Amino acid sequence: MHKGVETVKYAIITVSDSRFNKFINIDNNENIDDKSGNYLKEELNATVYVLIPDNKDILKGTIDHLIDYFDIDCIVITGGTGISNRDNTPDVLKNLFDKELDGFKILFHTMSNDEVGYATILSRSTAGIYRNKIIYAIPGSLNACKTVIKIIKDQTGHILKHLND
């Protein structure tokens, strides 16, 4: 295994219209069930967590805000990677990335195929570099997060080392 940055500072963004709508509804905001976001927060010991709706401008603004105001190395976005009209995460990131990490998509789809079969084609997961930070975008399902966590934990420090060389 390659040596890399030992301590990675993570931020998590959950992109979900339904969860965000519960969050802003004062009568119902204590029942927000963000299993994927919570799982990622715990597994990655994230220092920042944000829940936002599926909105291109809000996602871009949130990413820029996190990079501008928080000491983070990596942003993991869960949600918004499907094919519905409101799934915008990969489209936003495509326009932001300085470099795309194409191998991430290949690995993710290979691993997902073992679990969900051909349904993996419905995911538009992606990863790349923006403003010297690593950004991963993965589906909002807990199973997808569990599938990809090993890649993120194993490779993020290694990627950061190359970014800092």
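Leaving aside its neighbours within four places in sequence, with which residues is Val-76 in contact? The legends below describe close-up views of a predicted model, beginning with the surroundings of this residue.

Figure 1. Val-76 belongs to strand β3, which covers residues 74-78. With a relative accessible area of 0%, Val-76 is buried. Apart from neighbours within four places in sequence, Val-76 is in contact with Tyr-10, Ala-11, Ile-12, Ile-13, Leu-40, Leu-44, Tyr-136, Ile-138 and Ile-152. Lys-41 stands 35 residues from Val-76 in sequence, and the C-alpha atoms of the two are 9.5 Å apart in space.

**Figure 2. Lys-41 over the ring of Tyr-49.** In this view Lys-41 lies over the face of the Tyr-49 ring. The distance from Lys-41 to the ring centre is 4.1 Å. Tyr-49 is also one of the residues in contact with Asp-34, the subject of the next view.

**Figure 3. Asp-34 in the loop between α1 and α2.** Asp-34 is located in the loop that joins α1 to α2, the latter being residues 35-44. The relative accessible area of Asp-34 is 2%, so this residue is buried. When neighbours within four places in sequence are set aside, the contacts of Asp-34 are Thr-14, Arg-19 and Tyr-49. Ala-119 is 85 residues from Asp-34 in sequence, with a C-alpha to C-alpha separation of 22 Å in space.

**Figure 4. The aromatic pair Phe-20 and Phe-23 in helix α1.** The model has a count of 3 aromatic pairs. In one of them, the ring centres of Phe-20 and Phe-23 are 6.2 Å apart and the ring planes stand at 40 degrees, so this pair is tilted. Both residues lie in helix α1, residues 17-24, where they are 3 residues apart, about one turn of the helix. Phe-23 has a relative accessibility of 43% and therefore counts as partly exposed.

Figure 5. Phe-104 and Phe-108 are both buried. Ring pairs join Phe-104, Phe-108 and Tyr-136 into a cluster.

**Figure 6. The crossing of helices α5 and α6.** Two packed helices are described by the angle between their axes and the distance between the axes. The axes of α5 and α6 come within 10 Å and cross at roughly 130 degrees. That angle makes α5 oblique to α6, and the crossing is right-handed. On the α5 side, the contact is made by Phe-104, Leu-107, Phe-108, Met-111, Ser-112 and Glu-115. On the α6 side, it is made by Asn-143, Ala-144, Thr-147, Val-148 and Ile-151.

**Figure 7. The crossing of helices α2 and α6.** The axes of α2 and α6, the latter being residues 142-164, come within 10 Å and cross at roughly 25 degrees. The two helices are therefore roughly parallel to each other, and α2 passes α6 in a right-handed crossing. Residues Lys-35, Ser-36, Tyr-39, Leu-40, Glu-43 and Leu-44 of α2 meet Leu-142, Cys-145, Lys-146, Ile-149, Ile-152 and Lys-153 of α6.

**Figure 8. The crossing of helices α3 and α4.** Helix α3, residues 56-69, and helix α4, residues 89-96, have axes that come within 9 Å and cross at roughly 50 degrees. This makes α3 oblique to α4. The crossing in which α3 passes α4 is right-handed. Lys-56, Leu-59, Lys-60 and Ile-63 of α3 meet Thr-89, Val-92, Leu-93 and Leu-96 of α4.

Figure 9. Most residues other than glycine have a negative phi. Asn-45, although not a glycine, has a positive phi of about 50 degrees. Asn-45 is found in the loop between α2 and β2, the latter being residues 48-52, and is exposed, with a relative accessible area of 63%. Arg-131, also not a glycine, has a positive phi of about 50 degrees. Its loop lies between β5, residues 126-130, and β6, residues 133-138. Arg-131 is partly exposed, with a relative accessible area of 34%.

Note on methods. Residues are numbered from 1 along each chain as its sequence is written. This is a predicted model: local features need pLDDT of at least 70, side-chain atom pairs count only at pLDDT 80 or more; totals for chains, interfaces and linings use all residues. Side-chain values use heavy atoms; hydrogens and water are left out. Rings of Phe, Tyr and Trp (its six-membered ring) pair if their centres lie within 6.5 Å; planes under 30 degrees apart count as stacked, over 60 as edge-to-face and the rest as tilted. Helices (H or I, at least four residues) and strands (E, at least two) are DSSP runs, numbered from the N terminus. Buried means under 20% relative accessible area, exposed over 50%, partly exposed in between (1.4 Å probe, protein chains only). A charge sits over a ring if NZ of Lys or CZ of Arg is within 6 Å of the ring centre and within 35 degrees of the ring normal. Axes are lines fitted to C-alpha atoms, for helices over the stretch in contact, and angles run from 0 to 180 degrees between N-to-C directions. Angles under 35 degrees count as roughly parallel, over 145 as roughly antiparallel, 65 to 115 as roughly perpendicular and the rest as oblique. A crossing is left-handed if the near helix is turned anticlockwise from the far one by less than a right angle, and right-handed if clockwise. Contact means heavy atoms within 4.5 Å.
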